[in-house]
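Please keep the model in view while reading.

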Amino acid sequence: MTSRNPRDSRLRLVSPRPLAAAPRAVTQRRTRRPAPRPPEGTPPPAELARMARTRLAGAARVARWADAALRPGRDGGTPDGQGTLSEATAERAAADLGLSTAQVRADWDTARLAGLVEVHGDSARPGWRLRAWNRDDSAVLRGWVALFDAWSLAHPEPEEREPAAVAEVVSAMPQVLSFLQLSAGPVPMEQLLDLLEQRVTELRTARCEVSYGPQPEAAPEGPGVADAELAPLLDWALHALASVGALTYGDGQATLTPLGSWAVWVKLEQICVAAQSPAGNIEQSAEDMLRGCAQLRPNAARAEYRAWLAARPVGSAVTELLDAARGEDALTRGLAFEALRVVGAPAEPDVRAVAGENPLRPYALLWLAEHDGHDPEDAHEVLTREEATWLWVDTAAAVADHGEAPLLVRHLESAVQPTVPALLDAVRAVGHPRTVQVLVALAAAHPDPALAKAVRRAAFQVHTGGS
């Protein structure tokens, strides 16, 4: 994916694919294998969801308060456009909820990282997970997994440490977490530090580049990484993971929580958190039907769309599909327009009518271009660069929520920007509400440490409003 020649250090994307193909990428699945069973002793999903709701109770409470108090027509709460609460809004929330302003801000940040709140420009609105909070255990678990993926943003990193060293530790922590998961019990800090040292050394060795010109003499301590360098960073990482509920840390040892153990197992097995059944879709609402088709291959999904459409009047079916597309779930949005492709010409007036709406505009423009005779591979040319970037992020959000890590990595190839830095600049500028979660998920999934570091830095800058 990247050029590692020291004379050309830019991070390049290769073999870009037309972005018009990106929405279809979410439904491209390999032949399904039997779902692996979680390790013995893993709580059932309902119990895991209860734990996640408990962990995110403060974030959900602040998100619900914002939904009620900051709706359009009332005093807004994010005038800086960066997703942070103004001082007046934080004080108002603290007074209404009986909390300190510091706790309100912490819960607000957690709500954003978990997708309970989404920031659009200078306003915030509840995410689709908050809407489904009490009825959909899978939505709750996805929200907690999003927070788990963003653990390095949830707890301030040591200011005195080099950013490169922090990035190395973040890149190495999946191996540490895997070891904790396999250990199924408390692990001493010394053992974790030894594993972290080995992994960081491997990362540094793997990206070693040939240097040109005279070089300083090698440090006397050899190729390993010093305890003094990594011990404070491991302490920070374990505290950060404990702050999101992934583990407990104290008395010089760490233990994964049931939620943390389950999440690590999910990552290792690369399975989708959501489990939707395609059975009985003809009787379902448009949103439930689309969710039920998410796991089907494209041909099977189209057959489900035809059966669902045949059971209801075309006009009401199109209206229901567009209403589903207006929701917060990007996968549902993409699948709604796939279903509208099955409808064909009768849907044109309604699709044309929503072409000015966000977030439907890029999908509607692609639909209309294909309907007007453009080759699907070339239809993306009707989008502006900003619209194409917004659609890339929206599709990446669908992949991050419902797909596998390798699929998210491959989604990089569909970006219209020629280099990763150019893509990250465009993604930051476009202002998609899921930008932070998408970048965090991409950094967690990508095998290239240098690219993952650049993406993680961009996620941090978007999260903090920096540059």
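**Aromatic pairs and a loop threonine**

Helix α7 (residues 137-149) holds both Trp144 and Phe148, which are 4 residues apart, about one turn of the helix. Helices here are DSSP runs of H or I with at least four residues, numbered from the N terminus. The model is predicted, so local features need pLDDT of at least 70 and side-chain atom pairs count only at pLDDT 80 or more, whereas totals for chains, interfaces and linings use all residues. Residues are numbered from 1 along each chain as its sequence is written, and side-chain values use heavy atoms, with hydrogens and water left out.

Rings of Phe, Tyr and Trp (its six-membered ring) pair if their centres lie within 6.5 Å; planes under 30 degrees apart count as stacked, over 60 as edge-to-face and the rest as tilted. By this rule there are 3 aromatic pairs. The ring centres of Trp144 and Phe148 are 5.5 Å apart and the planes meet at 15 degrees, so this pair is stacked. Trp144 is buried at 0% relative accessibility, buried meaning under 20% relative accessible area with a 1.4 Å probe and protein chains only. Phe148 is also buried, at 5%.

Phe337 and Tyr363 form another stacked pair, with 5.6 Å centre to centre and 25 degrees between the planes. This pair links distant parts of the chain, since Phe337 lies in helix α16 (residues 330-343) and Tyr363 in helix α18 (residues 361-371), 26 residues apart. Both Phe337 and Tyr363 are buried.

Thr419 sits in the loop between α20 (405-411) and α21 (420-430). Thr419 is buried, with a relative accessible area of 13%. A polar atom of the Thr419 side chain lies 3.2 Å from the backbone nitrogen of Ala422.

How values were computed. Helix = DSSP H or I, 4+ residues; strand = E, 2+ residues; numbered from the N terminus. Buried < 20%, exposed > 50% of the residue type's maximum accessible area, 1.4 Å probe, protein only. Polar contact = N/O pair within 3.5 Å; in protein donor to acceptor, adjacent residues only side chain to side chain.
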